[in-house]
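Visitor: I'd like to learn how to read charged pairs and helix packing. Can we walk through an example?

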Amino acid sequence: MKEENITRINLDGRELILIGTAHVSRQSAEQVKEVIEAERPDSVCIELDEQRYQSVMDGSKWKETDIFKVIKEKKATLLLMNLAISSFQNRLAKQFEIKPGQEMIQGIQSAKETGANLVLADRNIQTTFSRIWHNLGWSGKAQLLSSVFFSIFSRDSISEEELEKMKSQDTLNAVLAEFTESFPKLKTPLIDERDQYLAQKIKEAPGDKVVAVLGAAHVPGISKEIYKEHDLEKLNQVPPKSIVPKILGWVIPVLLIAIVVYTFFANPTAGLDQALSWVIWTGSFAAIGAAIAFGHPLAILSAFIAAPITTLHPLIASGWVSGIVQAYFRRPNVGDFENLSEDVFTIKGFWRNKVTRILLVVVLTNLVGSIGTFIGGADVIRVFFNNL
């Protein structure tokens with residue numbers, strides 16, 4: 001048995017065997033099968049959380065998605081990011097005619113065949129995204145989204161040798177690699193914290209011999225963190241939302257309304273100009289965002305109508321309104337959910353599938369609409385000072 005990509009650790013009389021894999025590599029899947037069959041471990045740990053495990057085991061789970069619930073719970077961006085990362089993985093997997101995450105699937109199958117305990121060792125991906133999101137400002141979030149999508153839709157093919165080099169990264173790391181260089185703080189929630197979480201879960205796995213199937217990016221960190229104790233509850237905490245954005249979310253709209261009211265009483269014509277400017281800028285940019293997503297005409301119209309109002313209310317977003325209208329008139333069917341795995345492979349597929357189209361309407365209406373909010377707000381202030 002080849003020892004390449006295998007790290008053996010003896011800890012308190014127990015043997016921990018770490019297999020560093022690439023998440024879309026045939027060789028990695030074959031090695032996982034070989035190691036588990038040869039070692040016959042008591043437990044097999046895989047780098048999946050419950051959500052991703054269910055996705056792997058039941059690909060039809062998408063059919064049960066309530067798209068209206070996703071929008072109302074403000075999870076459209078998160079779902080779109082998950083689908084986007086899946087498309088990056090599928091692109092590589094399709095090039096080499098292998099199933100994405102095959103090494104994890106092989107780990108699950110081999111654990112079952114050998115009678116080993118299966119341990120889902122990774123942190124919930126939503127928690128990881130929340131902790132990443134928490135470290136970013138508004139511009140950083142916009143850059144993150146663009147970085148992910150540019151990486152996903154790159155049409156460059158790679159050699160199998162280059163694919164093997166990806167063993168230095170897991171899927172999420174690979175998509176965000178360039179971005180994490182610009183934002184070093186992201187390394188903590190993306191890699192360091194997950195190293196700690198994975199190490200603790202592997203250490204707590206039952207039995208004297210444990211095999212762990214991991215993206216190779218995590219092996220060096222886990223090899224160090226395995227000797228320390230880590231608080232899983234603390235690592236699982238979703239960062240509390242800062243109260244500052246909430247305060248600003250109410251203060252800024254109240255201030256803008258007060259400025260318009262004051263200007264209107266001082267100079268009714270200027271006040272009407274302010275109100276009209278606000279409606280045009282906020283409504284137009286929100287509508288443009290919905291149009292870029294090729295939203296239903298009524299979804300585009302609803303974005304225009306809603307934006308001037310929702311931008312003044314921190315608990316409502318114009319993207320949610322346009323997204324719900326889009327979902328109502330272009331409700332996804334079972335076929336749309338069944339075709340998600342293929343459609344997210346291309347830009348055309350992202351816009352064609354009714355599920356991702358709705359998500360794009362929500363995200364782009366909010367994203368592009370925010371530009372109109374800044375311009376409209378600046379124009380309101382400009383007119384105010386001109387009429388002092």
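Guide: Start with the network of salt bridges that links E47, D49, R52, D122 and R194. A salt bridge here is a side-chain nitrogen of Lys or Arg within 4 Å of a carboxyl oxygen of Asp or Glu. Mind that this is a predicted model, where local features need pLDDT of at least 70, side-chain atom pairs count only at pLDDT 80 or more, and totals for chains, interfaces and linings use all residues. Residues are numbered from 1 along each chain as its sequence is written, and side-chain values use heavy atoms, leaving out hydrogens and water.

Visitor: How many salt bridges does the structure hold?

Guide: There are 13. One of them joins E37 to K33, with the closest N and O atoms 2.8 Å apart. Both sit in helix α1 (residues 26-39), 4 residues apart, about one turn of the helix. Helices are DSSP runs (H or I, at least four residues), numbered from the N terminus.

Visitor: And which parts of the chain does the pair K203 and E229 link?

Guide: Their side chains meet at 3.2 Å, N to O. The pair links distant parts of the chain: K203 is in helix α10 (residues 187-204), E229 in the loop between α11 (219-225) and α12 (232-235), 26 residues apart.

Visitor: Is K203 buried or exposed?

Guide: Buried means under 20% relative accessible area, exposed over 50%, partly exposed in between (1.4 Å probe, protein chains only). K203 is buried because its value is 14%, whereas E229 is exposed at 63%.

Note on methods. Helices (H or I, at least four residues) and strands (E, at least two) are DSSP runs, numbered from the N terminus.
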